[in-house]
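Please read the points below with the model open beside them. They are meant for someone who has not seen it before.

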Amino acid sequence: MALRALNYLELESRLDRSGIGTAADQQRAALERTDVEVVTSPWRGGDLPTGLRSALSGHGLFDEYDVAHCNLVGPGSLAVARHARRHDIPLILHTHVTREDFAESFRGSTTIAPALGRYLKWFYSQADLVLCPSEYTKRVLESYPVDAPIRPMTNGVDVEALSGFADLRGEYRERYDLDGTVVFLVGNVFERKGLTTFCRVAEATPYDFAWFGPYDTGPHASKAVRRWTSNPPENVTFTGWIDDIRGAYGAGDVYLFPTKNENQGIAVLEAMACGKAVVLRDIPVFEEFYTDGHDCLKRETESEFVDAVERLAEDEDLRERLGENARETAMEHSLDRVGERLAATYQEVREAKRSGRPIDGGG
């Protein structure tokens, strides 16, 4: 019998192109390759207003599903979690948010992070199984500690969605006035992702730098984001939102990601899937996925990042070798593999719930 699973991302329309939104999209794309029937809204009728009308008429607020899988930690997900526990529905909570990666994201986030950590410890502990993108994130959750089985599972990379990126190279380089070797980054502009380092490396080199992704200059923006986006170095372009993310991977040559904290980093896998040479900050999460000198270069200080960028700009053979190996690494995170693992996990959690057996966090 086919399994019907809720794969829920509250605030979905606001998280388009975010890492969390991309992760949820990729889960659903991966599950399309399996026999799992996916519903994306927990509410009867497909949305909360319709669900509330249904509840008032005595037909219930929630839709029916065999497994509940939530990708965020807000009130909608909390309502789903409580409903699941009340009705003995297997509950999977996916860790895309930790106290550590919340810090330095927007104004005041570092101050709020400790309180968030206490909430996350309680929230994730409700799950029958917690999924997270990496062994690193599992160790973070265990340190809180979260009282539930925790299992790492890659977010994966949607290679098919990136098809045709090279054809957009000329258009996007012309649109943003980019020339020569282009050093780039894809994603929301946050200090946590290495904004200051990115700009200082640009100041120390002659190449064009481009950060493809939205940024906030309003009251929620951090001082660093307001500073650098309002007065960037002459060779740095902040594009803001772009219509087709493939254009970023077509326009860029060297992917520079001096992030301070990640749970995995989907855009890194996307850059690798496009065969780009990648320079990463040497942080624990990348140890389990990537090898310095084989499919990337790992560095720590600004001067080391500068040296890596200059080396890659000058050595086309090295760029190509790292890019080819990076593409092979990205294929290990294909959506076919993600779909198989996710479908098997749903089935396992349902069977364990029925039988009363404990779930193994190792998978």
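**Notes on the model**

1. Ala5 has Val38 as its bridge partner in S2. On the other strand named here, Ala5 stands opposite Val67 in S3. Helices (H or I, at least four residues) and strands (E, at least two) are DSSP runs, numbered from the N terminus. This is a predicted model, in which local features need pLDDT of at least 70 and side-chain atom pairs count only at pLDDT 80 or more, while totals for chains, interfaces and linings use all residues. Residues are numbered from 1 along each chain as its sequence is written, and side-chain values use heavy atoms, with hydrogens and water left out.

2. Strand S1 covers residues 4-8, and four of its five residues are buried (under 20% relative accessible area, with a 1.4 Å probe and protein chains only). S1 is therefore largely enclosed by the rest of the structure. Three bridges join S1 to S2 in parallel, and four bridges join S1 to strand S3 (residues 67-70), also in the parallel sense. Two strands count as paired if DSSP finds at least two bridges between them.

3. The open sheet has six strands in the order S2-S1-S3-S4-S5-S6, with parallel pairing. Strand S2 (37-39) and strand S6 (150-152) are at the edges with a single partner strand each, so one side of each has no neighbour in the sheet. On average, neighbouring strands of this sheet are turned by 25° against each other, direction ignored.

4. Strand S4 (residues 91-94) and strand S5 (residues 129-132) run parallel and are joined by three bridges. His94 has Leu131 as its bridge partner in S5. Helix H6 (residues 135-143) lies across S5 and S6 and runs at about 160° to S6; angles run from 0 to 180 degrees between N-to-C directions, and axes are lines fitted to C-alpha atoms, for helices over the stretch in contact.

5. How do helix H1 and helix H15 cross? The axes of H1 (residues 19-31) and H15 (residues 335-355) come within 8 Å and cross at roughly 85°. That makes H1 roughly perpendicular to H15 (65 to 115 degrees). Gln26, Gln27, Ala29, Ala30 and Leu31 in H1 meet H15 residues that include Leu342 and Tyr346, where contact means heavy atoms within 4.5 Å.

6. The largest nonpolar core has 102 residues. Such a core is a set of buried Ala, Val, Leu, Ile, Met, Phe, Trp, Tyr and Cys residues joined through side-chain atoms within 4.5 Å. Tyr124, Phe209, Phe212, Tyr249 and Tyr255 have the most contacts inside the largest core. Beyond its neighbours within four places in sequence, Phe209 is in contact with residues including Val183, Phe198, Leu256 and Val309. A second, separate core of 15 residues includes Ala5, Leu342, Tyr346 and Ala352.

7. Some backbone details are worth checking. Most residues other than glycine have a negative phi, and most peptide bonds are trans. A cis peptide bond, with omega about -5°, joins Tyr144 and Pro145; Pro145 lies in the loop between H6 and S6. Leu11, in the loop between S1 and H1, has a positive phi of about 60°. Asp177 has a positive phi near 55° and is exposed (over 50%), with a relative accessible area of 67%.

Methods: Angles under 35 degrees count as roughly parallel, over 145 as roughly antiparallel, 65 to 115 as roughly perpendicular and the rest as oblique.
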